[in-house]
Amino acid sequence: MKYTLKGIPQIIYATIFIICIFASCGNEGKKATDEGTGPEMQIMSENYVDTMKLTVSPFVKQVVCNGRLSPHEKSDLRFESDGITLQLHVKEGQHVAKGQLIATLDKDRRTRELEKAEHDLYRAEMELADKLIGLGYDIDMKNVPDDIMRRAEVTSGYYSANYQLEEARRMLDCCDLRAPFAGCVANLDAKTHQKSDRVCTLIDDSSFNVEFRVLEAELDMVREGSVLKVSPFVAEDRVIKGVVTGINPQVDEKGLVKVTAALTGTDTSLIDGMNVRVTVEENIGDMFVVPKDAVVERDGFHVIFRYDDGRAVWTYVDIVHSNINSFAITGCARKETTIGEGDIVITSGNLNLADGTEVKLR
């Protein structure tokens, strides 16, 4: 290939242009690198921590479980006999008083049965009078001995007819379904002009129980009469107190024991089946107490970092007890370490610390 003198300057210009571009990129990279090592990055690399002074304080041991609420009384309401629901007098969520009318069945069949029972009783009374007159007694039946009267009532059909009348009256009354106790209407299944197995569920929401399960190893903290705290999952800042009323004397296949407690006081926001957190507490005395964030795990041991003259000092500890937020700690028996009152313990920023790391107080 031959190059003309005219083409040579163009190749040279293109080469120079490319070299300038690479040089510019190199300077920008160097500038970025220089910026990354400035004072701001140095500040970010410093270890700032929070601390607390180690003191002896009361420690509250806790057992925390999940539980569910159940009302003190709950009943599925049904009509005693089959029939067509004529009318509903309540709606779901409505509070009713004891004895208030819930629903009504069609009463036509029961009314006819009552009329027939009254007619049968009248005929049986005539039969009874005829028998007594035949035995020589007056029609007013005042002087009839009791044993003869009972025999005459049975043989005349009076006894049976009187029973059938009482039953017919009762079945007519049962066409009106009434609340057996005061409560709230739930699960309204019945519909007018239809047959239904269950009309509704009535819940006494004036008081609640909570059922929860504890580990077999934690059962020593729970006993009848123990006071506990209950918080709904939907409002964990709300606390309702309760008292343990029953402990099932059996450990299930998962190693859990069922416990029942009654809540004290009333809370209109509670509903049947609500999921709650149950906390049982026991004060076990004075100990060295630190937040859970103050303890980290290293080489299979629990470790805290004490602050000493600007440095983090690695210290092995044993966790004696724990609750939701805190650990009760002592020195580590296997490592023969000790802790004492007045030690400054690092409570944050300790995940990446090592023994002797320089730290600054936040």
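**Exercise 1. Locate Arg109 and Glu113 in this predicted model and describe how their side chains are related.**

Step 1. Both residues belong to helix α3 (residues 108–134). They stand four residues apart, about one turn of the helix.

Step 2. The side chains of Arg109 and Glu113 form a salt bridge, at 3.4 Å from N to O.

Step 3. Relative accessible area is 39% for Arg109 and 31% for Glu113.

**Exercise 2. Which parts of the chain does the salt bridge between Arg362 and Asp50 link?**

Step 1. The N to O distance in this pair is 3.5 Å.

Step 2. Arg362 lies in the segment after β19 (360–361), and Asp50 in the loop between β1 (48–49) and β2 (51–53). The two residues are 312 residues apart, so the bridge links distant parts of the chain.

Step 3. Arg362 has a relative accessible area of 62% and is exposed, whereas Asp50, at 31%, is partly exposed.

**Exercise 3. Find the network that contains the salt bridge of Asp189 and Arg198.**

Step 1. The side chains of Asp189 and Arg198 meet at 2.6 Å, N to O.

Step 2. Asp189 is partly exposed at 37% relative accessibility; Arg198 is also partly exposed, at 21%.

Step 3. Through salt bridges with shared partners, Asp76, Asp189 and Arg198 are joined into one network. The count of salt bridges in the model is 17.

**Exercise 4. Describe the largest nonpolar core and the surroundings of Val210.**

Step 1. The largest nonpolar core holds 22 residues. Leu69, Val210, Phe212, Val214, Leu228 and Leu263 have the most contacts inside it.

Step 2. Two or more residues of this core come from each of β3 (56–77), β9, β10 (227–232), β11 (240–247), β12 (256–263) and β13 (275–291).

Step 3. Apart from this core lies another, of 16 residues, including Leu77, Val96, Phe181 and Ala190.

Step 4. With neighbours within four places in sequence left aside, the contacts of Val210 include Leu69, Val230, Val259, Leu263, Val276 and Val278.

**Exercise 5. What lines the largest cavity?**

Step 1. A search of the whole structure gives one cavity of 30 Å³ or more. The volume of the largest cavity is about 50 Å³.

Step 2. Its lining consists of Asp205, Ser206, Ser207, Phe208, Ile240, Leu263, Thr264, Gly265, Thr266, Asp267 and Leu270.

Step 3. Strand β9 (residues 200–215) gives the most to this lining, with four residues.

Step 4. By class, the lining has four nonpolar, five polar and two charged residues.

Conventions
Residues numbered from 1 in each chain as written. Predicted model: local features only at pLDDT ≥ 70, side-chain atom pairs only at ≥ 80, totals over all residues. Heavy atoms only, no water. 1 Å grid on protein atoms, 1.4 Å probe; cavity = no way out; pocket = protein on both sides within 12 Å on 5 of 7 lines; lining within 4 Å. Points joined across faces, edges and corners; volume = space filled by probe spheres on them. Nonpolar A, V, L, I, M, F, W, Y, C, P; charged D, E, K, R; others polar. Core = buried A, V, L, I, M, F, W, Y, C linked by side-chain atoms within 4.5 Å. Buried < 20%, exposed > 50% of the residue type's maximum accessible area, 1.4 Å probe, protein only. Contact = heavy atoms within 4.5 Å. Salt bridge = Lys/Arg side-chain N within 4 Å of Asp/Glu carboxyl O.
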